[in-house]
Amino acid sequence: MKKTLLLGLFLAVGYLTKAQNDSHCYTAEMVEQKLQQNPELQKNIDALEEFTQQYELSEGQNKTSAVITIPVVVHVLYQNTTQNVSLSLIQSQINVLNKDFRKLNSDTTKIPAAFKSLAADCEFQFCLAQRTPTNQPTNGVERKQVFVSGIGYAGNYYDASNGGLDAWNTSRYLNIWVCDINGGNPLGFAYPPGVASSADDGVVIDYRYFGTFTSTTNVYNMGRTASHEIGHYLNLRHIWGDDGSACSGTDNVADTPNQAGSSAGNPTFPRLDACTTTSPGVMYMNYMDYSNDKSLYMFTKGQKTRMQAAINGARALLKTSNGCSPLTSTETEEFLALTISTYPNPASENIVIEKNASPIQLENISIYSMLGALVYETPIEDNFTDEFNISLNQIPSGNYIIKAKTNLGVVNKKLQVIK
């Protein structure tokens with residue numbers, strides 16, 4: 001929305017004003033709630049806005065920078081199998097983000113000629129985390145069955161003690177909670193920089209609108225809810241400024257037309273309203289509007305600059321996070337050595353192989369003499385959980401090497417058998 005604001009109390013007007021009566025996104029409501037609980041947060045919003053405006057002046061909208069990769073952890077909170085979204089669905093959402101934020105989505109061909117020159121490659125890409133904050137291997141997804149209905153709306157999503165899943169380091173990971181949000185109303189919400197605590201900072205999306213899937217009734221089935229909410233996470237506001245159709249609100253972006261209110265459905269070009277009455281009209285195809293997923297397909301250069309300001313300011317630690325880097329061979333060896341344990345040792349009748357980390361899958365166990373002779377071997381069934389018991393009745397006294405093969409490598413453990 002093309003508006004110029006003075007620095008000061010008016011900078012957060014888009015957040016301080018109640019959003020329209022539309023349940024699509026609750027970001028404005030959640031920010032307002034935080035401000036009511038702690039008015040001092042307004043200083044964070046003002047400081048970020050001042051930094052953003054200075055960044056816009058110094059960097060400009062056409063600056064080329066290195067693509068920034070943001071590590072993502074998806075916390076799946078489910079009551080039943082329908083809510084327990086699959087890994088393939090989660091990956092489909094990451095794929096959408098990598099297209100939408102790089103202007104690689106095929107539907108950019110639908111951008112009207114009047115807006116084509118404004119469309120931006122925002123130079124962000126996303127990956128499912130490959131290491132945890134404590135340097136353990138991960139696929140970037142964790143799951144928990146919950147017994148709290150509407151856990152996203154109830155605000156327990158980020159608190160393990162209240163049934164949710166604790167955030168990973170919110171300075172170095174984009175945390176996304178996928179769960180039930182009040183029966184799917186709203187679709188999702190996010191916290192802009194400097195508003196939420198380190199416990200709940202991130203994005204929350206209802207499981208019904210996460211990832212890409214075929215549907216004849218769900219018009220939010222192309223993963224654009226996450227594109228919208230991550231826009232908020234990177235300091236974008238709703239394109240109409242959350243002003244209740246007064247034409248006075250702003251998204252603080254110069255190249256988005258002034259807009260009276262949110263769009264809906266699948267608008268046709270040009271869409272005119274009370275704030276922009278002549279063609280080319282409002283930018284209903286912008287990810288920060290409320291059109292159906294298939295009618296959303298662009299960020300602008302001005303929005304890119306705001307997001308780049310956020311990643312170079314309040315969210316700068318995301319740039320140096322190693323969350324997307326797999327463990328090195330040395331780190332893997334060290335992790336496996338701590339993950340697989342054997343007891344008792346020395347042993348006489350049996351030996352127990354124990355695994356104590358969920359990312360590890362034990363595949364095979366073999367025992368060799370010190371001369372390299374194989375004296376025992378067994379595959380591990382898929383239903384193996386945490387412990388495997390091996391009888392030593394057929395193994396004579398002596399020193400041996402246990403080789404535990406896992407999905408991440410082989411762990412060697414010394415074993416002494418005393419009969």
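A disulfide is taken here as a pair of cysteine sulfur atoms within 2.5 Å. The model is predicted, so that local features need pLDDT of at least 70 and side-chain atom pairs count only at pLDDT 80 or more, while totals for chains, interfaces and linings use all residues. Residues are numbered from 1 along each chain as its sequence is written, and side-chain values use heavy atoms, with hydrogens and water left out.

A search of the whole structure finds 2 disulfides, listed below.

| Pair | S to S | Torsion about the S-S bond |
|---|---|---|
| Cys127 and Cys324 | 1.9 Å | about -110° |
| Cys247 and Cys275 | 1.7 Å | about -95° |

Cys247 and Cys275 both lie in the loop between α7 and α8, so this pair ties together parts that are 28 residues apart in sequence. Helices (H or I, at least four residues) and strands (E, at least two) are DSSP runs, numbered from the N terminus. Cys247 is partly exposed at 23% relative accessibility, whereas Cys275 is buried at 18%; buried means under 20% relative accessible area, exposed over 50%, and partly exposed in between (1.4 Å probe, protein chains only).
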